[in-house]
Amino acid sequence: MENKINDLIRVVGEARGDVKQESYLQFIALYISQKLQKMGFEEILTNIGDEKVKRALKDVYEENFNLIEEFKQISKLSDKEWLEIIEQISIFDNRENTIQKTPISIIKLAESLLDIRNKDSILDICSGLGITLAQLSMDKDIALMGVEINPQAYIQSKLLLNIMNKDTSNIILGNALKTDISVFGANKVFINGPLGLRVSKYIYDEVLNKKFNGTAYEELIPNYDSTWLFVLDAVLHLNFEKVVVVMNEAPLVNNRDALIRKQLMKDGLIEAIIDLPEGLLDYSGIPVSLLVLSKNNSNVSFVDATKLGTKKRHKTVLRDDDIEKIIKAIGVDGQLSKTCKFEVIENEDFILSSKRYLIADLPYENTVQLKDVVKTINRGAMISNKNLKEIESETPTPYQYLALNNFTNGIVDKKLPFIKKVDPSLEKHVIKNDSLIISKMSPFKVTSIEQKEKQILVNGNLYFLEIDKNKINPKYLEAYLQSELGMRELQKYEKGTVMKTISIRDLEKIIIPVLTEEEQNKIEKVYDLLKREQEVTLERIKRIEEEKNNIMEVR
């Protein structure tokens with residue numbers, strides 16, 4: 001296998017000056033060269049029913065014959081070798097059209113989740129290069145169906161499945177959102193559409209009126225993310241047994257999508273959520289999840305597979321044993337998984353993220369939420385760098401500015417930057433009393449400010465909380481939130497793909513252990529000692545760094 005891959009790389013490299021280096025052309029040239037080992041070109045065309053595919057074959061045959069001849073030296077590829085080559089070799093990456101390939105490891109996981117069996121009918125919505133259908137049908141007698149909007153990807157998928165002797169009559173070229181998928185009659189469905197794609201208002205209105213008019217979801221489907229259009233089309237218009245969807249985190253956790261998730265759960269359609277490790281996709285570094293849909297579900301199984309997988313070059317790959325662990329975890333409460341009833345998920349605003357449910361409860365009998373022990377939770381001011389520079393002051397004033405980079409490991413810089421004044425419109429973002437500071441972004445940073453003489457304007461990446469001292473010791477609360485248990489609670493509520501943040505609404509839900517006043521005061525004393533020791537250590541490190549920087553002045 002390795003020799004064949006090396007041969008392909010060498011042939012393409014040698015032909016670089018004679019042929020456009022497009023994966024589309026290279027794929028078709030390889031297809032033709034493999035077919036020519038058994039039949040003539042006219043016979044190849046005779047076995048192709050689609051005129052678009054025939055035209056593509058003719059164009060490549062006439063314009064890239066030298067490359068086809070070079071490829072002839074590569075012996076016949078097996079079905080598995082075809083998939084391995086497409087999965088691994090960069091010459092098949094169509095960079096111009098950014099055709100998104102579903103990694104083989106995700107397809108194998110989906111194959112187990114869908115429980116593919118002989119005589120099943122499989123529909124791949126946004127079927128791309130045909131890799132998913134090819135893998136799912138390996139050594140199985142199943143009906144293959146697909147919809148793909150990209151003409152080049154469509155042609156390649158027809159040729160890939162053709163060379164594997166699969167029926168491609170139900171692979172069609174078209175917009176999956178506008179296609180009537182009910183005609184396929186598939187019982188198993190796989191969806192890996194464009195992540196976060198926002199369709200035009202014209203298409204959105206057309207699809208909504210054509211497919212969802214009068215349904216329970218009509219008023220719930222957003223126009224800012226087409227993911228739910230793909231999902232709901234499948235569950236409403238097919239007599240399906242299982243649907244597996246590749247999704248980014250946003251639709252599964254956003255507050256604005258909560259009503260869709262609620263309705264899906266109410267209809268008993270959500271079976272499982274599997275959160276996967278980052279780096280699985282070739283075309284995006286963001287982690288994705290698999291949404292598994294079936295019928296008559298009263299519980300949802302959450303699986304945290306984010307720590308599984310093996311790094312291979314620049315990407316992550318799920319091994320067979322990883323896939324086996326995930327499948328075994330579904331429906332079982334354990335280290336990787338937990339099954340939750342409707343009521344539990346409802347209490348969490350129908351958030352479909354494993355970390356929300358798998359993080360262990362605090363080991364304390366009495367707890368309260370953060371909102372119960374604070375007077376206010378405020379967000380800092382959103383000020384651009386340009387506007388901030390305009391109000392900065394080189395001389396001391398009664399006003400200072402606190403940003404994320406002004407504190408490290410819970411220690412605030414002794415000299416905060418001065419600003420000339422605080423605009424009246426920003427006064428609500430000024431610390432007026434002793435406050436607890438929490439960063440909006442993960443990894444979370446926690447500290448406190450003892451407001452005395454200066455008015456401190458807080459940056460928009462920070463929250464400042466006024467603590468009700470009659471309900472909790474502020475220093476105890478600070479110590480708890482900086483602890484491993486407190487950070488775990490904050491991470492439980494973080495959301496986001498590239499940048500993870502926590503909202504005020506979720507911050508209010510953070511669970512705080514209720515200890516006696518004596519216990520809180522004891523923790524405060526120990527924490528203050530540790531914090532003072534930390535300050536001294538940081539100052540010492542700073543002096544050492546300065547001495548190292550000036551080492552050449554020692555003579």
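Me: Why is Asp349 called buried in this model?
Reply: The model is a predicted one. Asp349 has a relative accessible area of 19%, and the limit for buried is under 20%. Asp349 therefore counts as buried.

Me: What makes Lys509 buried?
Reply: The relative accessibility of Lys509 is 13%. Buried means under 20%, so Lys509 is placed in that class.

Me: How do you know that Asp349 and Lys509 form a salt bridge?
Reply: The closest N and O atoms of Asp349 and Lys509 are 2.5 Å apart. The cut-off is within 4 Å, and the pair therefore qualifies.

Me: What makes this a link between distant parts of the chain?
Reply: The two residues are 160 residues apart. Asp349 belongs to the loop between helix 15 (342-347) and helix 16 (354-358), whereas Lys509 lies in the loop between helix 20 (504-507) and strand 24 (511-513).

Me: Why is the contact of Asp506 with Lys495 called a salt bridge?
Reply: The closest N and O atoms of Asp506 and Lys495 are 3.2 Å apart. As the criterion is within 4 Å, the contact is therefore a salt bridge. Asp506 is in helix 20 and Lys495 is in the loop between helix 19 (484-492) and helix 20, eleven residues apart. Both Asp506 and Lys495 are buried.

Me: Which residues are linked with these in a network of salt bridges?
Reply: The network links Glu348, Asp349, Arg356, Lys495, Arg505, Asp506 and Lys509. In the whole structure, the search finds 23 salt bridges.

Me: How do you know that Asp141 and Lys119 form a salt bridge?
Reply: Their N to O distance is 2.6 Å, and the requirement is within 4 Å. The pair therefore meets it. Asp141 lies in the loop between helix 8 (131-136) and strand 2 (143-148), and Lys119 in the loop between helix 7 (104-114) and strand 1 (121-125), 22 residues apart.

Me: Why is Lys119 called exposed, but Asp141 partly exposed?
Reply: Lys119 has a relative accessible area of 65%, and exposed means over 50%. Asp141 has 42%, a value between the limits of 20% and 50%, so Asp141 is partly exposed.

Me: What makes the aromatic pair of Tyr61 and Phe65 edge-to-face?
Reply: A search of the whole structure finds five aromatic pairs. In the pair of Tyr61 and Phe65, the centres are 5.4 Å apart and the planes are at 85 degrees. Tyr61 is partly exposed at 24% relative accessible area, and Phe65 is partly exposed at 33%.

Me: Why is the pair of Phe342 and Phe350 called edge-to-face?
Reply: The ring centres of Phe342 and Phe350 are 5.6 Å apart and their planes stand at 70 degrees, so the pair is edge-to-face. Phe342 is partly exposed at 22%, whereas Phe350 counts as buried at 7%.

Me: How do you know that Arg256 lies over the face of Tyr224?
Reply: Arg256 is 3.6 Å from the ring centre of Tyr224, and the distance limit is within 6 Å. The charged end of Lys295 sits 4.9 Å from the ring centre of Phe240, over that ring.

Me: What makes strand 15 and strand 22 a pair?
Reply: Strand 15 (residues 399-402) and strand 22 (residues 455-458) share four bridges, in the parallel sense. Pairing needs at least two bridges, and the two strands therefore pair. Tyr399 stands opposite Gln455 in strand 22.

Technical notes: Residues are numbered from 1 along each chain as its sequence is written. This is a predicted model: local features need pLDDT of at least 70, side-chain atom pairs count only at pLDDT 80 or more; totals for chains, interfaces and linings use all residues. Side-chain values use heavy atoms; hydrogens and water are left out. Rings of Phe, Tyr and Trp (its six-membered ring) pair if their centres lie within 6.5 Å; planes under 30 degrees apart count as stacked, over 60 as edge-to-face and the rest as tilted. Buried means under 20% relative accessible area, exposed over 50%, partly exposed in between (1.4 Å probe, protein chains only). A charge sits over a ring if NZ of Lys or CZ of Arg is within 6 Å of the ring centre and within 35 degrees of the ring normal. A salt bridge is a side-chain nitrogen of Lys or Arg within 4 Å of a carboxyl oxygen of Asp or Glu.
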